[in-house]
Amino acid sequence: MKDIDDTRAPLLEHLLELRRRLMWCIGALIVSFGVCFYFSEQIFGFLVRPLSEAFGQGHGRLVYTKLYEAFFVQVKVALFAAFFVSFPIIANQLWAFVAPGLYAKEKKAFLPFLVATPVLFTMGAALAYYVVMPTAFHFFLSFEGQSGGLDVEALPSTDSYLSLVMQFILAFGISFLMPVLLMLLNRAGIVTRQQLLGVRRYMIVLAFVAAAVLTPPDVVSQLMLAIPLILLYEITLVTIWFTDRREQKKGEDIAVPE
């Protein structure tokens, strides 16, 4: 016990270390924001591309109804992009703070989840950008035409469009992190595969509820989120099965006397 007490870092030292790591995170976010703000028009142009393609070549436009709206849209775009640019540094600093308190086995178990998080988020965001958003925008714009002798034209504002894009990307990106959460709960012993199998029907219902809450109120977007969530849940069950079998085999090998 004395050896443990002698090697345990004081609380103040941990707080100073935490402050230093947070300063690195904030610094990375500020620098990334400055760079992204400089390229905010190009970044927004990339985010606008699905809508531009849905309108068609030479058609459609974005408007802003408040004099300051266009400027704050660029600020939001820069903040949104800065978080993604600085995320590797932020994740690395958080890992550097937590890792010294973990055993070697815990580090080996936790590190794959740290790597899988940005990969799965990017997959979800890519699905939203390249598949869901173009499909949803074509559906929304299909209501243009005439009604009661008047032209019905879509005139989205820059701020509302950016909010919609962020909603799509964050909803799909965060939802795709479900396997990481379930795997962590399983490795921590909080849930088992049998329990997850038992609540499968409820998880299917929950997937549709989450899709209805996180996406715009159209059936197309909701189905495009709910179906991948259900597939990811099934893939997670299979992954946990393989993991359990591997752990069981390791335990049997250790138990066998030489």
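Tutor: Helices here are DSSP runs (H or I, at least four residues), numbered from the N terminus, as strands are (E, at least two). This is a predicted model, where local features need pLDDT of at least 70, side-chain atom pairs count only at pLDDT 80 or more, and totals for chains, interfaces and linings use all residues. Residues are numbered from 1 along each chain as its sequence is written, and side-chain values use heavy atoms, with hydrogens and water left out.

Student: How do you know that the span of helix α3 agrees with its number of residues?

Tutor: Helix α3 (residues 40-55) has 16 residues, which should span 22 Å, and its end C-alpha atoms are 22 Å apart, so the two agree.

Student: Where does α3 bend, and what follows?

Tutor: The bend, about 45°, is at Val48, and Pro50 follows within four residues. That angle is taken between axes fitted to the seven residues ending there and the seven starting there. After α3 comes Gly56, with a positive phi near 105°.

Student: What makes Phe84 and Phe121 an aromatic pair, and of which kind?

Tutor: Rings of Phe, Tyr and Trp (its six-membered ring) pair if their centres lie within 6.5 Å; planes under 30 degrees apart are stacked, over 60 edge-to-face, the rest tilted. A search of the whole structure finds 17 pairs. Phe84 and Phe121 have 5.5 Å centre to centre and 45° between the planes, which makes the pair tilted. This pair links distant parts of the chain: Phe84 is in helix α4 (residues 69-98) and Phe121 in helix α5 (residues 104-141), 37 residues apart.

Student: Which residues form one aromatic cluster?

Tutor: Phe33, Phe37, Tyr68, Phe71 and Phe72.

Conventions: The expected span of a helix is 1.5 Å times one less than its number of residues.
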